[in-house]
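Visitor: Please show me the protein, and then I will ask about its parts one at a time.

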Amino acid sequence: MFIGALSFAYFSKALTGTYVKSSITQIERRFDLSSSHVGLIDGSFEMGNLLFLALVSHFGAQLHRPKLIAAGCLLMAAGALLTGSTHFFMGRYKFDTVVPSDGSNVSACSDRLETADMSGVQVETTSEACVSESGSNMWIYIFLGNALRGIGETPVTPLGVSYIDDFAKAENSPFYIACLQTITLLGPTFGFLLGSYCAKLYVDVGQVDLDGVTITPRDARWVGAWWLGFLVSSGLLLVSSVPFWFLPRSLPDLKLTDIAKGASERFSSGFLPSLKRLLGTPAYFLLLCGSVLKFSSFIGLFTFKAKYMEQQFGQSASRANFLLGVLNLPAVAVGIFLGGLIMRRYKLSVVSGAQLSLATSFMGYLLLLLLFGTKCENLPVAGLTVSYNGSATLGRLFLVRFCFSRASKWD
């Protein structure tokens with residue numbers, strides 16, 4: 001029962017975390033944020049997680065671990081609910097409308113227009129009012145909700161794995177954890193699919209007449225119903241917390257209980273000495289360094305890959321999320337499951353498992369080198385890279401004025 005409950009909790013938290021990644025571009029447009037602000041919001045989860053992770057992992061083994069996991073799931077549900085509820089405290093989304101000049105769409109700004117002459121070319125430009133203000137600091141609640149979700153995640157992973165290690169047979173523990181991680185990988189898959197579905201829905205769905213919406217999901221101004229997925233995720237996390245309230249603190253019928261309890265008490269005798277011993281173990285320290293390098297690169301790729309696909313290949317947010325979920329993550333799930341199966345079948349030791357991990361990771365990095373041979377041309381931009389109404393300077397003028405006004409705003 002514990003494996004089943006923990007698997008669903010892992011699935012729910014992974015789905016929520018992936019949905020955050022898939023809705024990055026929607027949140028960025030809705031709140032008029034820069035990429036640095038988006039990165040700060042995304043990193044708030046790790047900020048909240050790191051604040052309590054060491055303490056919860058160390059002292060949690062002395063308490064009722066299933067109930068701590070249940071409380072963590074409730075905190076994650078509250079964080080997701082806070083993030084999604086932000087939508088209801090904001091006004092309706094008002095996207096910029098195009099200004100007809102000579103029958104063609106020149107600018108998306110509806111303020112006054114100025115006339116400038118560059119190299120004898122008569123062009124229309126916008127004033128500094130074209131640079132929109134953020135208009136709302138409501139994104140702070142998304143930051144806080146994501147941080148609260150990070151705090152709630154702290155007991156789930158370490159205490160769940162330690163519970164399995166304490167009360168499962170030694171030869172079965174790697175297989176159980178591999179099954180757990182495999183089910184977890186289904187969470188990102190469904191998270192991207194949920195993000196794809198919500199990105200197709202207009203942000204104010206149910207509040208406005210959709211027939212009056214003149215833009216489509218392929219439009220750069222489109223904002224999907226980013227908030228809807230957070231409400232769904234909150235419900236899943238709330239449900240995942242229920243079974244843990246009824247699970248026992250320990251399994252006394254197993255012979256391993258007394259041994260595990262004694263080891264836990266010895267470990268809890270001193271936090272700093274325990275940490276020193278761990279960091280002094282070469283195998284553990286190398287694994288820790290490898291994990292830091294792997295996740296440092298993985299998080300950046302995972303966060304901004306969908307946005308890159310939208311901008312570089314002209315894909316809608318819905319299609320980008322769909323492709324990420326369907327093509328990438330199932331392969332990762334198969335790899336995790338096979339790794340656990342191989343370790344159980346051949347009874348690999350910790351050192352042998354680390355060697356297998358090193359060999360497969362090195363092969364993966366060699367395959368990634370093929371990406372350096374791929375080259376994608378930039379998309380044509382009217383008035384910037386290609387001629388627009390006989391002029392190749394219109395877009396450049398807009399870009400220069402935008403950069404100068406934005407730079408003065410930052411100063």
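This is a predicted model: local features need pLDDT of at least 70, side-chain atom pairs count only at pLDDT 80 or more; totals for chains, interfaces and linings use all residues.

Visitor: How many helices and strands does the secondary structure of the protein come to?

Guide: Helices (H or I, at least four residues) and strands (E, at least two) are DSSP runs, numbered from the N terminus. On that basis the protein has 14 helices and four strands.

Visitor: What share of the residues in the protein is buried?

Guide: Buried means under 20% relative accessible area, exposed means over 50%, and partly exposed is in between (1.4 Å probe, protein chains only). Of the 411 residues in the protein, the buried share is 38%.

Visitor: Among contacts between residues at least 6 apart in sequence, what percentage join residues at least 24 apart?

Guide: Contact means heavy atoms within 4.5 Å. For the protein, the percentage is 77%.

Visitor: Which residues does UniProt list for "transmembrane region"?

Guide: UniProt positions are given in the numbering used here, feature names are shortened, and annotations may be inferred rather than shown by experiment. The unreviewed UniProt entry lists residues 38-56, 68-90, 175-194, 225-246, 283-302, 322-342 and 354-372.

Visitor: How much of residues 354-372 is helix?

Guide: The end C-alpha atoms of residues 354-372 lie 28 Å apart, and the span holds 0% strand. For residues 38-56, the end C-alpha atoms are likewise 28 Å apart, with 100% helix and 0% strand. The helix content of residues 354-372 is 79%.

Visitor: Are helices H4 and H5 roughly parallel or roughly antiparallel?

Guide: Axes are lines fitted to C-alpha atoms, for helices over the stretch in contact, and angles run from 0 to 180 degrees between N-to-C directions. Angles under 35 degrees count as roughly parallel, over 145 as roughly antiparallel, 65 to 115 as roughly perpendicular and the rest as oblique. Helix H4 (residues 65-85) and H5 have axes 7 Å apart and pack at an angle of about 170°. H4 and H5 are therefore roughly antiparallel.

Visitor: How do the residues of the contact of H4 with H5 divide?

Guide: The contact includes Gly72, Leu75 and Thr83 of H4 and Ile142, Gly145 and Glu153 of H5. Ala, Val, Leu, Ile, Met, Phe, Trp, Tyr, Cys and Pro count as nonpolar, Asp, Glu, Lys and Arg as charged, and the others, Gly among them, as polar. The residues of this contact of H4 with H5 divide into ten nonpolar, six polar and two charged.

Visitor: Which residues of H5 make the contact with H1?

Guide: The axes of helix H1 (residues 2-22) and helix H5 (residues 139-153) come within 12 Å and cross at roughly 155°, so H1 is roughly antiparallel to H5. On the H1 side the contact is made by Lys13, Thr16, Gly17 and Val20, and on the H5 side by Asn146, Arg149 and Glu153.

Visitor: What is the C-alpha distance from Ile142 to Thr83?

Guide: Ile142 is found in helix H5, and it is buried, with a relative accessible area of 2%. Not counting residues up to four places away in sequence, Ile142 touches Ile27, Phe31, Ile41, Thr83, Thr86 and Trp226. Ile142 and Thr83 are 59 residues apart in sequence, and their C-alpha distance is 4.7 Å.

Visitor: Which residues does Ser233 touch, not counting residues up to four places away in sequence?

Guide: Ser233 lies in helix H8 (residues 226-241). Ser233 is buried, with a relative accessible area of 0%. Its contacts are Leu15, Thr16 and Leu194.

Visitor: Is Lys347 buried or exposed?

Guide: Lys347 is in the loop between helix H12 (317-346) and helix H13 (350-368). Its phi is near 50°, a positive value in a residue other than glycine. At 66% relative accessibility, Lys347 counts as exposed.

Conventions:
Residues are numbered from 1 along each chain as its sequence is written. Side-chain values use heavy atoms; hydrogens and water are left out.
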